[in-house]
Amino acid sequence: MSADGGTGGQPRLRAQPSAGERRRLIRVALGQEPADLFVRGGTVVNVYSGELIPANVAAVDDRIAYVGPLEKAVGPETEVIDAQDLYVAPGWIEPHSHTYLYYNPESLAEAILPGGTTTVVSDDLVFSMLGGSKTSRAVMDEAARLPVRFLWYARPEPASPVDAGSEDYFDHERLEEVLDHPLVMGVGEAPAWARFLQSEEAPLGAAIVEANRRGLIADGHTAGARDDKLAALVAAGLRSCHEAITADEALERLRLGLWTPLRHSSLRPDLPELLRIVTEEEIDTSRVLFTTDGPAPDAISEHGYLDGLLRLAVEAGVPPVKAIQMATINPATYLHLDDHLGGVAPGRLADLVLLPDLSSFRPRLVIAGGKVAAREGELVEPTPGIDWESLGLQLEFRQGSWIEDPALYDARPDEDLPVIKFVSDVITSSEEPPTGGELPEGYLRVVHLTRDGRWISRALVHNFASDLDGFATTATSSAHVLVFGRDPQAMALAASRVRALGGGMAMASGGHVVWEAALPLAGIMASGPFKEALSVAKEMKARLQGAGYPFSDPLYSLLFLTADFLPGPRLTWSGVLDTRLQEAIREAEPLDE
């Protein structure tokens, strides 16, 4: 990628051609200078006109110079790609995702680029949570070296309350510094909309104003909002919402002027229902997008990424060109980047997907930034390594024997502890505590320990994985230690092992650690290739389901139990929180230093 992006309301993309680069594009288009790359004889999917047009494509550096029937730009050093009998489409654009769900940006790129996704927009939650704008911007700079184009949203507030012993980086100064980065598209993923409507002091309000002032995006998250509440959020300045779970909700969002990504994720596989607005209502799809919204690694491995959503859309009856528009030019326009991304046209970035058909969406070749990046489902060369060690994403823990004390975990029903019942993967409800002093079948102890050893929150949990002896993880919204189990000694052993790993997961039983997985980056990401993240996700899921976990996506169960925005009781560092009332059901207890 070349020079920095613009400022103010201009596109925020680190790919602005200089005057010299523009002149070279002109010369290649006129056949006065050879192209670096020439795609010959393909059928271009023209997302601007909705047509399929036989055409050649010439690129120089990372941009397209020419699209048409001529071959004057072919020179002796030009790399010529034979696209006979292939369709040439723009690279897929993911407008709303999360790059830290056991995979990291580099390993995610490795997994999704062969399927044709060339641009991903992610929030910066875990990076800002650990080190504020400095860490967030450093990750963005490192990720800019990857063949997938990573763009970003500045998260306006944390997903879980910041504990009293940690620095709270989520202030306006940090927000402005992150928004200053040329690869940041705006603010995004602010799920606590109810708190915002109740209080003018909520961080989301100032974040929307700042993004709007700069001409940037306020990417919305309005799960459950309808009627007047949804209208109020649109009036506040939100530009989109990906949280519709029914066709009626999606249509309501479109009618109120929101850009509407139709989501299909491992947690919410709703695309067949949402596509009814296209296949039955026949609405204008120019403001309709697709999003995978941070799927679990095993879902990516099994179903793909945006390529999987395109397959589902065409199977449901969406015309292929319209489906491709929803994955390319529509998100590019939403991001204010349609002069740079989303189409096969002169001046646009040379992100191309060569397809043998418009139904399977299994690319023969993927070109990213003018370079062949993947062929027949495999990367042409390894991704450039990111020096994760230098980015400061390691968790710090208080050392000593405190975390190994089984008494910390010996929660008993006769202590009048709150009971958190799992109703689904992520929805919880309050339940009356069981009677008696012993833990009944179907219940687990659960504690939330701050890593500095200062605070403990305790509860009982029902309908989670009732046969667990001990399980601990830092892969949560808080990055602290969440511990489940029936046996306090096994819980202590699992928690101690997670600390020794520097973050991750551990399961203990019978006095031994029976399984463990290190997640050394922010306590939630593996540092190695995608297969490492995939192994963690699949093994964790299998072991929890083997212990009685009754739902489909334990990744999000663990992530959201410590969050403070979904309905139902949540286990935060400060105690068990009623998120609707924003009141403590039971406060955390201080631990001895």
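Is Trp 455 buried, partly exposed or exposed? Trp 455 has a relative accessible area of 22%, so this residue is partly exposed (buried means under 20%, exposed over 50%, partly exposed in between, with a 1.4 Å probe and protein chains only). Trp 573 counts as buried, because its relative accessibility is 13%.

This is a predicted model, in which local features need pLDDT of at least 70 and side-chain atom pairs count only at pLDDT 80 or more, while totals for chains, interfaces and linings use all residues. Residues are numbered from 1 along each chain as its sequence is written, and side-chain values use heavy atoms, with hydrogens and water left out.

Rings of Phe, Tyr and Trp (its six-membered ring) pair if their centres lie within 6.5 Å; planes under 30 degrees apart count as stacked, over 60 as edge-to-face and the rest as tilted.

| Pair | Centre distance | Plane angle | Class |
|---|---|---|---|
| Trp 455 and Trp 573 | 5.6 Å | 70° | edge-to-face |
| Phe 464 and Phe 484 | 4.5 Å | 15° | stacked |

Phe 464 and Phe 484 are both buried. A cluster linked by ring pairs holds Phe 422, Phe 464, Phe 484, Tyr 549 and Phe 551.

Strands are DSSP runs (E, at least two residues), numbered from the N terminus, and two strands pair if DSSP finds at least two bridges between them. An open antiparallel sheet has three strands in the order S26-S27-S28. Strands S26 (569–572) and S28 (583–587) stand at the edges with a single partner strand each, so one side of each has no neighbour in the sheet. S26 and S27 (residues 575–578) are joined by four bridges; Pro 569 has Asp 578 in S27 as its bridge partner.
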